[in-house]
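Please keep the sequence and the 3D view at hand as you read.

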Amino acid sequence: MNVCGRDILIYMALKYGGQRNVVMKALHDREECKAEEVVASLSRLRCKVTTIFDADFPSCMKTSLCPPMVLFYQGDLNLIRDINQNIAIVGSRECNQYVLKYTREISNNLAERGYSIVSGLAKGVDTAALEAALPYGKAVAILGNGFNHCYPSENEKLQKHIAKNGLLISEYPPSIPPVAQQFPVRNRLIAAAGNITLVTSAKAHSGTLITAGFALECGRGVGCLPERVGEESVCNEMIKEGAGLVESADDVIDLINPHLAAEIDQNFLKQHYK
C-alpha cells in the first residue's frame with residue numbers, strides 16, 4: 001500500500017488538528033506513520049481538501065504569513081482564485097446600524113459586480129458582509145474552527161448556505177471546535193485572501209486590527225469606512241494615518257489600483273492591537 005507526500009501531509013494535519021507548527025515539526029522530524037493509518041484517516045474525511053503541493057491551492061494563500069500547508073473546504077474554491085477579484089471585509093461584532101447598513105450596501109454592490117467577499121463568520125460586520133454577498137454566490141467565509149462546528153451558533157444556517165452557494169474554508173479539520181487562540185491565527189488567511197481589506201468598524205486591541213496589520217504585512221491595501229463623530233471606532237484614526245477612505249464600492253475598487261492603494265504606518269496599528 002503506497003501513499004504519497006500529499007497524503008502524509010493531510011494525515012498530519014488531521015492528526016494534529018491543523019496546528020501548523022506541530023505539523024511542520026512532525027514532518028521535519030520525519031515522524032513515522034503507517035500507510036494503512038494514512039489511508040484510513042483520509043477515507044473518513046467528509047469535505048474537500050487541497051495542499052500547498054496541489055495545482056488548485058489558492059496562490060493568494062501562499063503569500064500569507066506562515067502559509068497554510070493544508071486547507072479544508074466546502075464549496076467553490078475558484079471564488080478566491082483571482083486575488084484581484086477578492087475583497088476582505090472585516091469589523092466589530094458589536095456595531096451600530098450605520099456600520100451594518102453601509103457594510104451590506106458596499107458588500108452587495110461589490111458582489112453584484114463579480115467580486116468575492118471574504119470575511120469570518122462572526123456576528124456584526126462579518127455576518128452583514130457575507131449575507132449581502134450570498135445572493136450572488138460570492139460569499140467566502142474563512143473559519144477559525146472545523147466545519148462540524150458553527151461559531152457563533154446563530155450563524156448555522158448562514159454557514160450551511162455558504163457551503164452550498166459560496167465557499168467555506170479552514171486550515172482546521174472538520175472536527176476541531178472553536179478555540180479563542182485560533183481566530184487571530186485565522187485572520188492572517190482573511191488578510192491574504194483579499195486584494196484589499198475593508199474595515200467598516202474597529203475597536204482598539206481587536207482582531208479586526210490584527211487582520212488589517214496582516215494585510216499590510218502581506219503588501220495588501222487597507223480601506224476604512226469613516227465613522228460618525230462621537231462613535232467608538234478607530235476607523236477615522238486609521239484614515240488619518242493613511243488608510244483609504246471608503247464610502248462606496250467604487251472607492252474600494254479604486255484602492256485595487258496600486259497607485260492609489262493606501263499605506264498605513266504599521267506602528268500605529270501595533271499600538272492599537274497589542
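Buried means under 20% relative accessible area, exposed over 50%, and partly exposed in between, using a 1.4 Å probe and protein chains only.

A word on the ground rules: because the model is predicted, local features need pLDDT of at least 70 and side-chain atom pairs count only at pLDDT 80 or more, while totals for chains, interfaces and linings use all residues. Residues are numbered from 1 along each chain as its sequence is written, and side-chain values use heavy atoms, with hydrogens and water left out.

Which residues does Ile117 touch, not counting residues up to four places away in sequence? Its partners are Ile87, Ile89, Ser107, Leu110, Ala111, Ala129, Leu130, Ala133, Lys138, Ala139 and Val140, where contact means heavy atoms within 4.5 Å.

Among those partners are Ala129, Leu130 and Ala133, which are also among the buried residues of helix α5 (residues 125–133). Helices (H or I, at least four residues) and strands (E, at least two) are DSSP runs, numbered from the N terminus. α5 is mostly covered, with eight of its nine residues buried: Val125, Asp126, Thr127, Ala128, Ala129, Leu130, Ala132 and Ala133. These pack against β3, α4, β4 (116–119), β5 and α6.

On the α4 side the contact is made by Val99, Leu100, Thr103, Arg104, Ser107, Asn108 and Ala111, and on the α5 side by Val125, Ala128, Ala129, Ala132 and Ala133. These residues divide into eight nonpolar, three polar and one charged. Lys101 also lies in α4 and counts as partly exposed, at 43% relative accessibility. Its C-alpha atom is separated by 9.7 Å from that of Val125, 24 residues apart along the chain.

Now turn to helix α10 (residues 249–256), whose buried residues are Ala249, Val252, Leu255 and Ile256. Seen down the axis of α10, they fall within an arc of 120 degrees, so they line one face of the helix; the arc is that of the directions from the helix axis to the C-beta atoms.

Between β5 (139–142) and α6 (156–165) sits Pro152, joined to Tyr151 by a cis peptide bond with omega about 0 degrees. Arg30, in the loop between α2 (20–28) and α3 (35–43), has a phi near 55 degrees, a positive value in a residue other than glycine. Arg30 is exposed, with a relative accessible area of 75%. His205, in the loop between β7 and α8 (207–217), has a positive phi near 60 degrees, and at 53% relative accessibility His205 counts as exposed.

Conventions:
Axes fitted to C-alpha atoms, helices over the stretch in contact; angles between N-to-C directions. Nonpolar A, V, L, I, M, F, W, Y, C, P; charged D, E, K, R; others polar.
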